[in-house]
Amino acid sequence: MLLAARTMEKTTAAAMTLQAGGLDVQPLELDITNEGHIAAAVAFVNSNFGKLDILVNNAGIMVEAVDWAQNTTIGIAQGVLRKTFDTNFFGTVAVTEAFLPLLLKAPAARIVNVSSIMGSLFFHAKPDSPIYDSKPFAYDSSKSALNAFTIHLAHALKDTAVKVNSAHPGWVKTEMGGEGALLEISEGATTSVELALLEADGASGGYFHLGKPLPW
Ligand SMILES: NC(=O)c1ccc[n+]([C@@H]2O[C@H](COP(=O)([O-])OP(=O)(O)OC[C@H]3O[C@@H](n4cnc5c(N)ncnc54)[C@H](OP(=O)(O)O)[C@@H]3O)[C@@H](O)[C@H]2O)c1
């Protein structure tokens with residue numbers, strides 16, 4: 001198993017923690033907005049494994065100063081939009097496209113795009129939905145765009161064994177989710193793990209939270 005993070009220091013420290021728990025984890029330096037890192041990561045996987053079975057696109061940022069109860073749309077800085085999309089959309093697309101040849105070499109690869117319920121246009125448009133009054137525009141629209149990538153890539157791969165899905169982890173106690181979140185980190189990982197281990201008859205081109213489909 002490979003564990004990627006933006007710097008070698010971070011990924012080595014995280015890998016050591018998991019190794020201490022008995023897991024076979026190797027650190028990989030990968031800032032998903034860095035073309036050189038992406039090319040080096042693909043070359044590393046190619047020369048060491050010759051294929052990639054599972055790609056979990058977990059990296060994501062929320063740069064708007066939030067208060068989740070705000071609508072940041074009017075007057076949003078172009079820089080905020082571009083920075084958010086660089087990671088949440090363009091970086092994720094670039095990494096996935098770069099690894100696609102190795103994913104196609106695996107017998108039945110799985111791609112998990114870690115999205116968010118905040119990317120759901122259905123829930124944003126519905127006045128009685130739990131996210132109706134929570135509108136960080138850059139973050140939300142970047143996750144909607146990521147969901148579009150899931151649907152389009154799944155269609156492009158529909159005649160292969162590769163499955164691509166979007167995951168909503170839930171509100172999780174991470175740096176982004178904060179202390180007040182409902183789920184522990186292990187619970188937040190459940191949806192990604194389920195989608196990473198889908199059987200041959202599992203879904204592709206879907207959007208899920210804990211086994212249940214979400215409306216786009
Ligand atoms: N927490 C929630 O409640 C929640 C809810 C819905 C969806 N999500 C999604 O779940 C995913 C994980 O979020 P989280 O809650 O764990 O957030 P987090 O605590 O802020 O962690 C995000 C991780 O992404 C990494 N990252 C950011 N930019 C990157 C880049 N350019 N290249 C590589 N790695 C990068 C960060 O690395 P550094 O440590 O170097 O900054 C950090 O490790 C995200 O996609 C997020 O949008 C989270």
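Ile-54, Val-56, Val-193 and Leu-197 make a nonpolar surface patch of about 320 Å² in this predicted model. Patches of this kind join nonpolar side chains (Val, Leu, Ile, Met, Phe, Trp, Tyr) within 5 Å, from residues with over 30% relative accessible area and no salt bridge; accessible areas come from the Shrake-Rupley method with a 1.4 Å probe. Leu-197 lies in the loop between helix H7 (190-196) and strand E6 (206-209), and is exposed at a relative accessible area of 57% (exposed means over 50%, buried under 20%, partly exposed in between).

Four salt bridges are counted, each requiring a side-chain nitrogen of Lys or Arg within 4 Å of a carboxyl oxygen of Asp or Glu. Among them, Lys-173 pairs with Glu-184 at 2.9 Å, N to O. Both residues lie in the loop between strand E5 (163-167) and helix H6 (185-188), so the pair ties together parts that are 11 residues apart in sequence. Lys-173 is partly exposed, at 30%, and Glu-184 is partly exposed, at 41%.

A further salt bridge joins Lys-126 to Asp-128, with the closest N and O atoms 2.9 Å apart. Here Lys-126 is partly exposed (29%), whereas Asp-128 is exposed (61%).

The chain averages a pLDDT (the predictor's confidence in each residue, from 0 to 100) of 97, and 100% of the residues score at least 70. Local features need pLDDT of at least 70 and side-chain atom pairs 80 or more, while totals for chains, interfaces and linings use all residues. Residues are numbered from 1 along each chain, and side-chain values use heavy atoms, without hydrogens and water.

Note on methods:
Patches are made of residues with over 30% relative accessible area and no salt bridge: like charges are joined within 9 Å, nonpolar side chains (Val, Leu, Ile, Met, Phe, Trp, Tyr) within 5 Å. Helices (H or I, at least four residues) and strands (E, at least two) are DSSP runs, numbered from the N terminus. Buried means under 20% relative accessible area, exposed over 50%, partly exposed in between (1.4 Å probe, protein chains only).
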